[in-house]
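Hi everyone, thanks for coming.

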Amino acid sequence: MNQNKVSIEYNDTVVRYFLVITVVWSLVGMLVGVLVAFMLNFWQIDGGLYLFGLNIPMEWLSFGRLRPLHTNAAIFAFVGNMMFAGVYYSTQRLVRARLASDILSWVHFWGWQLIIVAAAVTLPLGLTRGKEYAELIWPINIAVVLMWVVFAVNFFWTLLIRNVSTLYVAIWFYIATIVTVAMLYIVNHLSIPTSFLHSYPVFAGVQDALVQWWYGHNAVAFFLTTPILGIMYYFVPKAVNRPVYSYRLSVIHFWSLVFIYIWAGPHHLLNTALPQWLQYLGMLFSLMLWAPSWGGMLNGLFTMRGAWDKLRTDPVVKFFAAAITFYGMATFEGPLLSIKSVNALAHYSDWIIGHVHSGTLGWNGFMAAGMIYWLVPRLWKRPLHSQALANFHFWIGMIGILLYIASMWFAGITQGVMLNALNESGTSLAYANFLETLNSIRFMMLTRAVGGTFYFIGFVLMTYNVFKTIVGAEVQKTTIEVEAKPEKETMPWVKGFINAPIIYSTLGIFFPCLWMLGDGFVMLLGMFGTIIVVLLAIIHFKATGAKWNDWYEKLLANSMIFTVLVFVSVAIGGAIQIIPTVTVNKAENLQGRIQKLYTPLELAGRDIYISEGCYNCHSQMIRTMRSDVIRYGDYSRLGESIYDHPFQWGSRRTGPDLAREGGYRPNDWHYDHFMDPRTVSPGSNMPAYPWLAKKKIDVDALPSKISVLRTLNVPYPEWTDEEIFDSVAEQAEGIAKDLQEKGRVLQPNTQMTALIAYMQKLGAYEIRGDVASTE
């Protein structure tokens, strides 16, 4: 053996485990997705079995509880495990080193699976934080953070012992994923526990809304996009045996995407009570995302140049080509939907569902399938069981995606047009009954469920194909020889941060921020400063471009400096948006409408509302649009949800908005609605909640909950436990007595009583300060 070389054996065993479990969890996540899609069409299977003469309530089988299970299984179980498999496989080969720690690798694998199992148990039980993609209760969240730290330590440790001098482009995207997801997850999940199974987020109202969609949007960006782009940059060239089309384009793609993406979250809150400057900031940066996103798509597709003949025969290339195309389509549609006028039509409708699934099914799902079909023969040293079956998977999956997203586009546009339509004089609604719009899209909702079923069948076929390939296969180890400890060019930390590219980039952020956020002299300073900085940067680059390239190559040899620069790039956008909102938009700083505090019974009802997942179908935010105001009442103000931990503005209206529901209907209407929605709303697809009339209120938990909310600056009095219990009993007995007078029998201490109390409080506010200056 050459004395300058050492033998390296890759740890592909953990990759195999992650790959197999990816296949398993894909079936779970998609099966639940198909189930909840059919629930939206057939209320008889939502919250129990009410068909063929059966009347069996099952609270854990309701849409509100299963929809978060579907999203979490699809994101964290399916895509998460696929990502870990791809990252661990490609990183070892790109740095020519074995994963740094076998122990950490296995702790990561088993810890992640235990988290998924815990989520699969707790979410159907109604244990949730009530925030989309962030529903898991606090003990599970701590476990997620610990496992992410294990993953990060293992990854960066591997980079430190690498046997190559520089970092390939895929590694850049992995670094951005690890750093940014950690930041997003920790900030959005900051909570104070009230018990082992419950907590309240530290943010409330508009603060919570902004932090949630800073996280929610960028979870899509940095959990479902950047790691998959890294996988694309590794596996697509391998599949077509071609180099990446453009290295320079990959540099531009990476840094512009990482910096711009983090600013775009507010576009989920357009036309709401969110401050206008944040809405326009989110829209502007969302539109800017077109360029880097399509730069990455074109780089991926052009990498396949000269290998298009493989599309006819190779299912891996089919999946990769289609996935990259869907990525381009989704990243074109996203900025389009961030335009305020388009968003006014699309938001709260099924168009958003179609947009999300064009990315998750087309981009994530097809990239996962392509990667799995490419890896399985190489990890088990065996040809794929059936190429024909893999090709059939592609086509049935493609048909499923097209049925799904086309039906959701039509449904969303139809519903948006109908909900916003006014009569000729503009004084009343053309479709006053919300159910008119729901019934008009029934066929399209069913088509969505059928499309999802086709897509699920494709992954069932993949599961069969994979397991037929690997069963009985003799696992072989992969060993290579590498140069022992090659020299790595070091860069002083000072030089990593004080240099022309960084200085121009910093000024290129500072002056546009002055331009966008300032007025008068500050705005002019920002505008002229931006122009001058851009011109100077271009001139300097033209004159000394080689030095810039040399600096970047040295940067790639220093992974820690590179990582810090990535963190700074993503942290800037979040800080500029969140810090002013959290520090300025507090209850004590607001005038005008301020939310009235919930009574203890109403607070218990709110927690039940969240536990049942009602936020999945109902919003509590009336937008600043004429159609919304005519339909639901006066538009929502920032202060009207200032004490809501968590906020409940919602993202989808399968049912009407509830922001001004309080006092609009009598108690007996709500009772009938919860027992059987169709008795008061013919044609409704809402499930019944008969168990709420039997389950008792957890009164003993209220003192702890109120104490935590007081810690979070909700101005509750210093009540004793007895005062809290007496308040609950008095209000509950009043509701029960009112129902009894109207022929309904309900025990005062039931969860339905609390939920009715909460519904009757929605929209209650008091006036503070000078109303004329705030209305």
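By salt bridge I mean a side-chain nitrogen of Lys or Arg within 4 Å of a carboxyl oxygen of Asp or Glu. Helices here are DSSP runs of H or I with at least four residues, strands are runs of E with at least two, and both are numbered from the N terminus.

Is aspartate 668 buried or exposed? It's buried, with a relative accessible area of 14%, while lysine 742 is partly exposed at 36%. The cut-offs are under 20% for buried, over 50% for exposed and partly exposed in between, using a 1.4 Å probe and protein chains only.

Quick housekeeping before I go on. This is a predicted model, so local features need pLDDT of at least 70 and side-chain atom pairs count only at pLDDT 80 or more, while totals for chains, interfaces and linings use all residues. Residues are numbered from 1 along each chain as its sequence is written, and side-chain values use heavy atoms, with hydrogens and water left out.

Back to the salt bridges. How many are there in the whole structure? The search finds 26. Another one joins arginine 593 and aspartate 634, at 2.6 Å from N to O. Again the partners come from distant parts of the chain, 41 residues apart, with arginine 593 in strand β7 (residues 592–595) and aspartate 634 in the loop between α22 (626–632) and α23 (667–675). Arginine 593 is buried at 9% relative accessible area, and aspartate 634 is partly exposed at 29%. Both belong to a network of salt bridges that also takes in Arg637, Glu640 and Arg660. Then there's aspartate 657 with arginine 653, at 3.4 Å between the closest N and O atoms. Here aspartate 657 is buried at 5%, and arginine 653 is buried at 2%.

Now zoom out. The domain assignment, which is automatic or from a database, gives domain 1 (5–481), domain 2 (489–556) and domain 3 (596–768). The centres of domains 2 and 3, taken over C-alpha atoms, are 52 Å apart.

Next, the nonpolar cores, meaning sets of buried Ala, Val, Leu, Ile, Met, Phe, Trp, Tyr and Cys residues joined through side-chain atoms within 4.5 Å. The largest has 228 residues, and Trp112, Ile175, Phe222 and Phe562 touch the most other members. Helix α2 (residues 63–95) gives the most to this core, with 17 residues.

Last stop, aromatics. Rings of Phe, Tyr and Trp (its six-membered ring) pair if their centres lie within 6.5 Å; planes under 30 degrees apart are stacked, over 60 edge-to-face, and the rest tilted. The structure holds 62 such pairs. One of them is tyrosine 234 with phenylalanine 235, edge-to-face at 4.9 Å centre to centre and 85 degrees between the planes. Tyrosine 234 is buried at 7%, and phenylalanine 235 is buried at 0%.

That's my tour, thanks!
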